[in-house]
Amino acid sequence: MPAVEGRAHAKLEVPPPSRFADKAFEWLTLAMALAVVLLVILVGWQLARGSSAAIQKFGFHFLATSTWDPVAEQFGALPFIYGTVVSSLIALLIAVPLSIATAIYLTELAPLWIRQPLTSLIEMLAAIPSVILGLWGIFVMIPFLRDYPFPFLKKYLGWSGLFTGPIYGVSMLAGGIIIAIMILPIITSVSREILRSVPNLQREAAYALGATRWEVTRIAVLSYAKRGLFGAVILGLGRALGETMAVTMVIGNTPQIATSLFAPGYTLASVIANEFTEATTDLYLEALFEIGLVLFGITILANLIGQLLLRTLKTSSGTRGA
Amino acid sequence: MAVNTMSSSTPTSQSGAMNPTPTSPATAAELVTANAFAVKDLSIWYGEKQAIKNISIDIPVMAITAIIGPSGCGKSTFIRCLNRMHELVPRTRVEGKILFHGEDLYAAGSDPAMVRRRVGMVFQKSNPFPTMSIEENVLVGLRLNGVRNRQVLNERLEKSLRRAALWDEVKNDLKKPGMSISGGQQQRLCIARALAVEPEVLLMDEPCSALDPIATAKIEELIRELRDQYTIVIVTHNMQQASRVSDRTAFFYVGELIEFGDTAQLFNRPRERQTEDYITGRFG
Ligand SMILES: Nc1ncnc2c1ncn2[C@@H]1O[C@H](COP(=O)(O)OP(=O)(O)OP(=O)(O)O)[C@@H](O)[C@H]1O
Ligand SMILES: [Mg+2]
């Protein structure tokens, strides 16, 4: 009897709803992921389109020359690239050890009652608006740097070539320091979460071998968490590269490539922010767009390199079985 | 009552290469009487909650002492006191005295790290260091102690892995990650790691509870073999296991020591009503 058979058939087909939900979920998440990728590509494409004339006119020279002369319509981005890369590196150099040490203190060493207040305090640092920090930089940090640490560096490390020449205060180094302050909270709180996620059983394994607190941190906590911590650093680098307002206020905004970190510099983000409203000619505007494209490229490149390094870290640490 | 402890101290020549360096050359007479730990009126609190209530117990040297009792009765808390691991839990408080070979374990100047070097520990869940190879896992304790000599390290590596009955299974894969072996092998790796620093005592907190019967049998066999050279305290939920491996058994119940005695006696002729109820399964 076909009717009965049909019903039996229908009964067998009942389970699928969950399967459908499963598939729908899969497609939905895939669509979301693709949307993000699409957005990134779209941004890159827009930037490229906005700067197509400049790209055609200057070609590779845009990346390799140092003249930035809107009047003569000569545009070379090298000093800005240099400024962005160097100020970000300085920032990482200062912020990474400080943040990770702070995170270690907060998760491994600090007395319990102090942990939460200290964490909140650090997270509050992230809430300070960039402009305010810039103002603080101009009126508090720069005079202080000019009077104490800079002369000290000049006297004792001047031989390295990195700390020579006149001290104005506004400088590449000041820019790096202000970026360091800005990325410190994010690296610290991400690192802290990562260290907290290390299972206690790992720590106990080390303690049971007679390890001291520092040894426990080293063999059980840091080695377990190193990939995550590296990720935190990459996240910080991403922020550092794009940091704009506060840096603009203390870096000096002079497009030049100087060995001395006391000399003023300029970053990609700063030049866009400063000159966008003044860009009177089409080519000038296009050059600024291309600066944006370069910054975009550097940020993506930094992330790619980060991913690659992370991969080598994974294989060498060998958390996966053979 | 401790006759079986003595018989095992006569030198056996089953494995000359594994002959341990005698950390405390005790005579047979000493072995009968000597206690590794003398615990007097021990009480432990977690914040306001008292987990151990006024326990006194002597744990014999070179013997296997099992601790049994229902869940939450304080077994883990107790053995973690023997190497001061409980101090890692905030807001714990200890009263009473624990003498380890006559020395006060909690004496003012005593360093918990030093205590833990002499009193090793194996945990319920195996916990090899995931970023280290099998070899590095075994040797990490020695490296912490500053041993750098490659030859010494190699010798100790093989010796520890052999004692943990793991050598034959991993000798060709020493460079592989410590997590790349089976759960039972990982637990034996953790035992090897604990043995490598040559502790005098090995504390084991339910070392087999996450393992299948075959892996469990292997570890039990291994524990019995270690008995000649180490003082072992093992916590177990499994009464058959306690009766199979241990010389003496302590029964804990809600923070109190109800009965402590020779394993055979405790299981066959328990003195206390509560012990009898527990081992016959009348409560759990
Ligand atoms: N970190 C802790 N903080 C507060 N109380 C704790 C803590 N650890 C254990 N306790 C309490 O102390 C008592 C004894 O716990 P313990 O872990 O020693 O029991 P156990 O006999 O090992 O149990 P199990 O057989 O389940 O492992 C329990 O009542 C438990 O709730
Ligand atoms: Mg327990």
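## A residue in chain A

A:E275 is partly exposed, with 17 other C-beta atoms within 10 Å. The classes used here are buried for a residue with 20 or more other C-beta atoms within 10 Å of its own, exposed for 12 or fewer, and partly exposed in between, the C-beta atoms being placed from the backbone. A:E275 belongs to helix α13 (residues 268-275) of chain A.

The structure is a predicted model, in which local features need pLDDT of at least 70 and side-chain atom pairs count only at pLDDT 80 or more, while totals for chains, interfaces and linings use all residues. Residues are numbered from 1 along each chain as its sequence is written, and chains are lettered from A and ligands numbered from 1 in the order in which they are written.

## Chain A: overall form

Chain A contains 14 helices and two strands. Helices (H or I, at least four residues) and strands (E, at least two) are DSSP runs, numbered from the N terminus. The radius of gyration of chain A is 26 Å, well over the 20 Å that the globule rule gives for 322 residues, so the chain is more spread out than a compact globule. This radius is taken over C-alpha atoms, and the globule rule is 2.2 Å times the number of residues to the power 0.38. Along the principal axes, the C-alpha atoms of chain A fill a box of roughly 95 × 65 × 40 Å.

Of the 322 residues in chain A, 35% are buried. Among the contacts in chain A with a separation of 6 or more, 77% are between residues 24 or more positions apart. A contact here means that the C-beta atoms of two residues, placed from the backbone, lie within 7 Å.

## Domains of chain A

The domain assignment divides chain A into domain 1 (2-50) and domain 2 (52-317); such bounds come from an automatic or database domain assignment. The C-alpha centres of the two domains of chain A are 40 Å apart. Six residues from domain 1 of chain A and six residues from domain 2 of chain A take part in the contact. On the domain 1 side, these residues are three nonpolar, two polar and one charged. In this classification Ala, Val, Leu, Ile, Met, Phe, Trp, Tyr, Cys and Pro count as nonpolar, Asp, Glu, Lys and Arg as charged, and the others, Gly among them, as polar.

In helix α10 (residues 200-208) of chain A, the residues A:Q202, A:R203, A:A205, A:A206, A:Y207 and A:A208 are buried. The buried residues of α10(A) pack against α11 (213-242) of chain A, and also against α4, β6 and α8 (183-196) of chain B. Just after α10(A), A:G210 has a positive phi of about 90 degrees.

Between the chains, 25 residues of chain B are in contact with 21 residues of chain A. On the chain B side, the elements that give two or more residues are α4 (112-118), β6 (119-122) and α5 (134-144) of chain B. The most, four residues, come from α4(B). By class, the side of chain B that touches chain A has 15 nonpolar, six polar and four charged residues.

Chain B has 12 helices and 10 strands. Buried residues make up 45% of its 284 residues. Among contacts in chain B between residues at least 6 apart in sequence, 70% join residues at least 24 apart.

Six strands of chain B form an open sheet with mixed pairing, in the order β6-β7-β8-β3-β9-β10. Strands are taken to pair if DSSP finds at least two bridges between them. At the edges stand β6 and β10 (256-262) of chain B, each with a single partner strand, so one side of each is left without a neighbour in the sheet. Strand β9 (residues 248-253) of chain B pairs with β10(B) in the antiparallel sense over six bridges. Opposite B:A250 stands B:F260 in β10(B).

Strand β1 (residues 35-46) of chain B runs antiparallel to strand β4 (residues 92-100) of chain B, and eight bridges join them. B:A38 stands opposite B:L99 in β4(B).

β4(B) also pairs with strand β5 (residues 103-104) of chain B, in the antiparallel sense over two bridges. B:F100 has B:E103 in β5(B) as its bridge partner. The hairpin of β4(B) and β5(B) has two residues between the strands, and B:H101 takes a positive phi near 50 degrees in it.
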